[in-house]
Amino acid sequence: MAVPPEICPQCGAEVPRNARACPECGSDEQTGWSDKAHTERLGLPDEEFDYDEFIKEEFSDQNKIRPRGIRWLWWIVAILVVVVILVMAMNLFR
């Protein structure tokens with residue numbers, strides 16, 4: 001007999017250590033505790049996964065969205081913050 005998983009791969013319920021089946025859904029070694037059930041639950045990519053294609057799609061410059069003209073906005077925000085801090089400091093020392 002194979003050792004049951006701590007969590008049922010079918011329903012997510014806790015499985016007692018020496019159980020032959022899940023107390024919630026009834027899954028057992030033949031119906032849902034196989035290695036395939038464990039790996040499917042992990043959300044791993046299929047065997048046909050093309051690593052080179054993934055790298056190309058993930059790191060190509062075509063997919064990067066770069067908003068233009070946003071830099072000047074951050075300079076204005078920074079200057080406004082400095083001015084507000086200076087005005088508040090001047091009011092404290094009056």
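Of the 94 residues of the protein, 14% count as buried, where buried means under 20% relative accessible area, exposed over 50%, and partly exposed in between (1.4 Å probe, protein chains only). The model is predicted, so local features need pLDDT of at least 70 and side-chain atom pairs count only at pLDDT 80 or more, while totals for chains, interfaces and linings use all residues. Residues are numbered from 1 along each chain as its sequence is written, and side-chain values use heavy atoms, with hydrogens and water left out.

**Fold and confidence**

- The secondary structure consists of three helices and zero strands; helices (H or I, at least four residues) and strands (E, at least two) are DSSP runs, numbered from the N terminus.
- Read from the N terminus, the order of elements is α-α-α.
- The average pLDDT, the predictor's confidence in each residue from 0 to 100, is 77 for the protein, and 72% of the residues score at least 70.
- Confidence is lowest in helix α1 (residues 35–42), with a mean of 57, and highest in helix α3 (residues 71–92), with 91.

**Surface patches**

- Patches are made of residues with over 30% relative accessible area and no salt bridge; like charges are joined within 9 Å, and nonpolar side chains (Val, Leu, Ile, Met, Phe, Trp, Tyr) within 5 Å.
- A salt bridge is a side-chain nitrogen of Lys or Arg within 4 Å of a carboxyl oxygen of Asp or Glu, and accessible areas come from the Shrake-Rupley method with a 1.4 Å probe, only the protein chains shown counting as cover for residues.
- Asp50, Asp52, Glu53, Glu57 and Glu58 form a surface patch of negative charge, with Asp and Glu counted as negative and each charge placed at CG of Asp or CD of Glu.
- Within this group, Asp52 belongs to helix α2 (residues 51–59) and is exposed, at a relative accessible area of 60%.
- Trp72, Leu73, Trp74, Ile76, Val77, Leu80, Val81 and Ile85 make a nonpolar surface patch of about 800 Å².
- Val81, in helix α3, is partly exposed, at a relative accessible area of 44%.

- Ala13 is located in the segment before α1 and is buried, its relative accessible area being 14%.
- Ala13 and Cys25 are separated by 12 residues in sequence and by 8.4 Å in space, C-alpha to C-alpha.
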